[in-house]
Amino acid sequence: MLRSIRTLAAATAALLLATACNSASTGGSPGDGPGSATRGVSATSIKVGGIVSMTTASGYSKKDTDLGARARYDRANAEGGVHGRKIEYLGAEDDGQDPAKNLAAARKLVQQDNVFAVSPMSSVTFTGADFLDQQKVPTIGWGTLPSFCGPAHLYGFNGCLVPMPGGTLNQTWPEGLGAVLGGAKGKSVALIATDNDAGKFGIRTFTRGFTAAGFTVSYAKAVVPAASTPNDWSAYTKEILRSRDGKAPDAVVSVMQTPYNIGLFTALKRAGYRGVISDPTDYDPGLLAKDATRQALDGVHVLLQFQPFESDTPAMKQFKEDIRKAAGGKNVPLNMHMVTGYMSADLFLSLAEKAGKDLSVDSFQQAAASFSDTGTLVGDRALPKGRKESFGCGALVQLKDGRYEVSVPFRCYPPIPFD
């Protein structure tokens, strides 16, 4: 009888051990409290991965987002990690700007690599958003998609930039262009984007923002094919240049990526347009290597939602030093994608630090429920406010004679309601 009891006890212990090992191998319950198995977290490390559009059909690449993230994680590890845990950064999965690949990358990072968090996430498609939120995976990226506005475990490093009704809109771009034009009153603007969800949402939100700033929006369409850049832009330029009662608008704003902007801006200039041109992507010295590209972008005002590289603040000096180290000691040309990766990593690190030594998804979420800091590359940050509105700061830079100059200094603008 005693032997039977001992046998049963041993079997029970073996079953419990096997269950524990299986739980550990699959990451356990990501939402368990302190002391329990948390996916991607060990006594010495925190496993993090990224999702970035490294390659695309148009040739546009956000690959330097990965370098920016690595630079910030490297510094954190050099300083001792987060409460003694080093960041095990697996690098970024390339989603090719393909919806199917984005979801596949999210599944791989969680189900195969067992990451605690995804940071950075930078793409114009985010089909993996629901999966990551359901799996309780803290995910931080560029909040240019609606997915970063509301879901419990998803965060924009500069807040929610395209909010749903009931949120707010960042007014950096409208107010900045108003300053360039000497005021928005009586001025007109044409908005153009690609024919996809991101483009349509961008047109909707920026139409609201420019109208609120006092502009007349003479043209606002998401009509450019998203699959490939057009060979002939004449149909778009003719419509834009006649949009203000048969005349050209005071400003043309492109909510598109670099290959599209080069084609559109070249066509506008050839058609004789002399107004203000602006976009949110072309702040990249690497683009200036080709004469045609440099000519297309010359004079363009680029929206930034971070401090310009031309500034000499402590935060910018630290960023440049971290990038140089991560690039093997080389002074590589800086671009906005590096900032995207860097600040995604920075927000993750700040929240993980605030979560305390017993890191879990629960403690991370609790930290995010009452987080704020100041003086970062994106200005003042605050959560949970960032779920419904941006952090409200930005600048404009203009390409002149082959170099960028600050046309509107970095500052924070009051957001407006979005309904």
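Colleague: How many disulfides does a search of the whole structure find?

Modeller: Two. Bear in mind that this is a predicted model, where local features need pLDDT of at least 70, side-chain atom pairs count only at pLDDT 80 or more, and totals for chains, interfaces and linings use all residues. Residues are numbered from 1 along each chain as its sequence is written, and side-chain values use heavy atoms, with hydrogens and water left out.

Colleague: What makes C149 and C160 a disulfide?

Modeller: The label calls for a pair of cysteine sulfur atoms within 2.5 Å. Theirs are 2.0 Å apart, S to S, so the pair qualifies. C149 lies in the loop between β4 and β5 and C160 in the loop between β5 and β6, so the bond ties together parts 11 residues apart in sequence.

Colleague: And why is C160 called buried?

Modeller: Buried means under 20% relative accessible area, exposed over 50%, and partly exposed in between (1.4 Å probe, protein chains only). C160 comes in at 0%, so it counts as buried.

Colleague: What about C393 and C412, the other pair?

Modeller: Their sulfur atoms are 1.9 Å apart. C393 sits in strand β14 and C412 in strand β15, 19 residues apart; strands here are DSSP runs of E, at least two residues, and helices runs of H or I, at least four, numbered from the N terminus. C393 is buried at 3%, whereas C412, at 37%, is partly exposed.
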